[in-house]
Amino acid sequence: MREDEEVAVETATLPLDAWHRAKGGRMVEFAGYWMPIQYDGIMAEHLWVRENAGLFDVSHMGQISLSGEGAAEALEALVPGDISALKPGRMRYSLLLGEDGGILDDLMITNEGDQLGIVVNGAVKWEDIGYLRENLPDDITLNHEEDYGLLALQGPKAAEALARLVPQASALVFMQAARATWNGHAIGLSRSGYTGEDGFEISLPNEALTAFADALCAMEEVEPIGLGARDSLRLEAGLPLYGHDLDEEIDPVEGDLAFAISKRRREEGGFPGAARILGHLADGSPRKRVGLLVEGKLPVREGAKLFDGNTEIGIVTSGGFAPSVGAPIAMGYVPRDHAAPGTAIAAEVRGKRVPCTVAAMPFVPHNYVRKQGG
Amino acid sequence: MPRYYTEEHEWVDVDGDIATVGITDFAQGQLGDIVFVEVPDTGAELSAGGDAAVVESVKAASDVYAPVDGVVTEGNGQLEEDPALVNSDPEGEGWFFRMTLSDKSQLEGLMNAAAYKTFCDDL
């Protein structure tokens, strides 16, 4: 065994760094921060979230607010979602697009009433902030909310657990957001996440993070969960990871994210790369992101080439063992004519061909709470 | 039967001219849940420091290197069915492969248990 981990000297620490270490978190460098990859083990943590509730520290992500007259309309010049129709307390998944329609990041946009809240990926947050600042009108104010951390509580018992601390949580359904107070701290809540389970993301002032995390983890149904399980959970949920399954070469249709292009925007265009993207919507894109069920036990990982017979047709962008499926799964890009579920192809791993079948995603059904009492 | 250790976290049991190779308890702990092990084919010629096997955890694939020169006499077929043996019994039932020892003097470059413990403590 040989470990070739290179750690950048400037790796930063998150507000909960000491908390993770005290909980036994194994810290690795990710997106420029020391973050816990696991506590007890990825498999156990993954299964815990599917059955109970898991607490994730995602404070590495960028929390940005936009305010000023016409912020929603201005943002629409850079994303394909109908942001101006987003009602207060509602949130939407969207895509920050480059000039040619390639995806610069995927993000969540919330109408917080007096401002728009945006959560972006940690690994590209500085680029995102630069791009937004450069491309938004000067009278739109952009704040990088660095005084706030972000926690995610995910799993079927998340709502019950969180409601003990913040009763308003129960009133939200999937993709709704609200402001609340906890122990005198102003916090933001949304019913959303990255695991396919019901759950919440909670934005709190940095100084409140440790006490809040302790209060949650004192409950028997809540355990801290590391980045490793976050990755296997989102893979099973069919959710792409920016920088792996999506990048600036891939447009929303290729990325199988056409749902993020709102009806009005399809009719009106007016977002970067609209000609390419609307063309792909009408005619299909030459390649598409698909799920892959892998035959056997050998994990097929990012970078594995995909074949139809002897013809190389595509590449795997994420893959690994799926604890809730009990088998390896993957996602990757294949030509349009190979994208139908059931299509038999093969992945190449260390010179061996591993049979795979194109599969509809998610691999594990989503358990979002879309209606009150539902 | 003397047991040797490598800086790549393999253990090597020597019985006459045959060495049994696996990864250490420290290594399995670092890797986490093992979901797949690829052992070398019988007859494969290995050279010290070269690729010999692959161990895959949920998170990543890691190479296992040959501790010495030799020819593989047997791979642990049990690991195909039950790769988690590497987690539960890394230095016993979870062995990876057996090989001949082409040059016994290569063992002199490996660590004993005490030296390996010190090596791990310093990591």
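Predicted model: local features only at pLDDT ≥ 70, side-chain atom pairs only at ≥ 80, totals over all residues.
Residues are numbered from 1 along each chain as its sequence is written, chains are lettered from A in the order in which they are written, and side-chain values use heavy atoms, with hydrogens and water left out.

I then counted five salt bridges between chain A and chain B. For the contact total I found 18 residues of chain A against 26 residues of chain B, contact meaning heavy atoms within 4.5 Å.

Turning to B:Thr6, I placed this residue in the loop between β1 (3-5) and β2 (10-15) of chain B, the strands being DSSP runs (E, at least two residues) numbered from the N terminus. I noted B:Thr6 as buried because its relative accessibility is 5%, where buried means under 20% relative accessible area (1.4 Å probe, protein chains only). I saw the side chains of B:Thr6 and B:Glu10 joined by a polar contact of 2.7 Å (a pair of N or O atoms within 3.5 Å; within protein, one must be able to donate a hydrogen and the other to accept it, and residues adjacent in sequence count only if both atoms are side-chain atoms). I also traced the B:Thr6 side chain to the backbone nitrogen of B:Glu8, at 3.1 Å.

Definitions and conventions
Helix = DSSP H or I, 4+ residues; strand = E, 2+ residues; numbered from the N terminus. Buried < 20%, exposed > 50% of the residue type's maximum accessible area, 1.4 Å probe, protein only. Salt bridge = Lys/Arg side-chain N within 4 Å of Asp/Glu carboxyl O.
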